[in-house]
Amino acid sequence: MTAETSQTLDRGLRVLKLLADTDHGLTVTELSNKLGVNRTVVYRLLATLEQHALVRRDLGGRARVGLGVLRLGRQVHPLVREAALPALRSLAEDIGATAHLTLVDGAEALAVAVVEPTWTDYHVAYRAGFRHPLDRGAAGKAILSARQRTASGEPGYTLTHGELEAGASGAAAPLLGVTGVEGSVGVVMLVDAVPERVGQRVMDAAREVAEALR
C-alpha cells in the first residue's frame, strides 16, 4: 500500500476477487484467513458490499458475489467493443469476410462486435447480439480450446463449416492473456473450406485485440 491508496477499498476489492474465484462461496472465517485480517473487519467489508448488492450471503452464512456486479459488467461490453474495432476492421477488409469479437456469456457465446467488409459483392450477415452454444461454431470452440490448453503450447485457431449457418465456414482464435475477459476473434465466410492464410490472420487479429484490452 502507498499513501495514495485506500486500504479499506483494497480489502473490499480483494474480497470480491476471492469470491469470484469460488463457486461455493466463502465464510467470514475463510475470508479472514485469506485476507489476514480479523473477523470484525471482514464483517464490515461484507456489510458495505451487501449494501451495494455486490455481495450476498446465503442462509448458511457463506458470502457470494451479488447480482450488483452484473450492472457493472454490462458496461464492459461497449468498452471492449471500442477497443476491438480497429483490429476487426482490418481483419474484415483484409480477408473480405465478416469479422467478429465474441465473448462468453454464461454457457453461450455472444457476439459483441461485428464488422463487415466494404468491398465484397456478398458476405455473411452476422449481427452483434447473436448467441449460440459454446460447443457450436468456431468462435465458441476457440474459447473452449483456450480453457483446455496445457503447458505444451498455446491453442491455435479453430475451423468449422456449416455449424451455425448452412454453407458458411468459420475461423476463430481465442483471446489470451486478458484478465477478466474470455472470448475469441474470428471471421465467417461463404466458402466450403477456409483458405489457409485465414487461420494465421485470425490469430494475429486476436493478438491485436488482446493487446488493446490489456
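Helix α6 (residues 138–147) lies across β3, β4, β5, β6, β7 and β8, and α7 lies across β3, β7 and β8. The angles are tabulated below.

| Helix | Strand | Angle |
|---|---|---|
| α6 | β7 | about 30° |
| α7 | β8 | about 145° |

Angles run from 0 to 180 degrees between N-to-C directions of axes fitted to C-alpha atoms, for helices over the stretch in contact. Helices (H or I, at least four residues) and strands (E, at least two) are DSSP runs.

The model is predicted; local features need pLDDT of at least 70 and side-chain atom pairs pLDDT 80 or more, while totals for chains, interfaces and linings use all residues. Residues are numbered from 1 along each chain, and side-chain values use heavy atoms, without hydrogens or water.

The strands form an open sheet of 6 in the order β5-β4-β3-β8-β7-β6, with antiparallel pairing; strands pair if DSSP finds at least two bridges between them. Because β5 (131–133) and β6 (158–161) each have a single partner strand, one side of each is left without a neighbour in the sheet. Between β3 and β8 there are 6 bridges, and Thr98 has Val188 in β8 as its bridge partner.

His100 lies in β3. At 4% relative accessibility, His100 is buried (under 20% relative accessible area, 1.4 Å probe, protein chains only). The side chains of His100 and Thr102 make a polar contact of 3.2 Å (N or O atoms within 3.5 Å, one able to donate a hydrogen and the other to accept it). Beyond its neighbours within four places in sequence, His100 is in contact (heavy atoms within 4.5 Å) with residues including Leu88, Tyr126 and Val187.

Note on methods: Buried means under 20% relative accessible area, exposed over 50%, partly exposed in between (1.4 Å probe, protein chains only).
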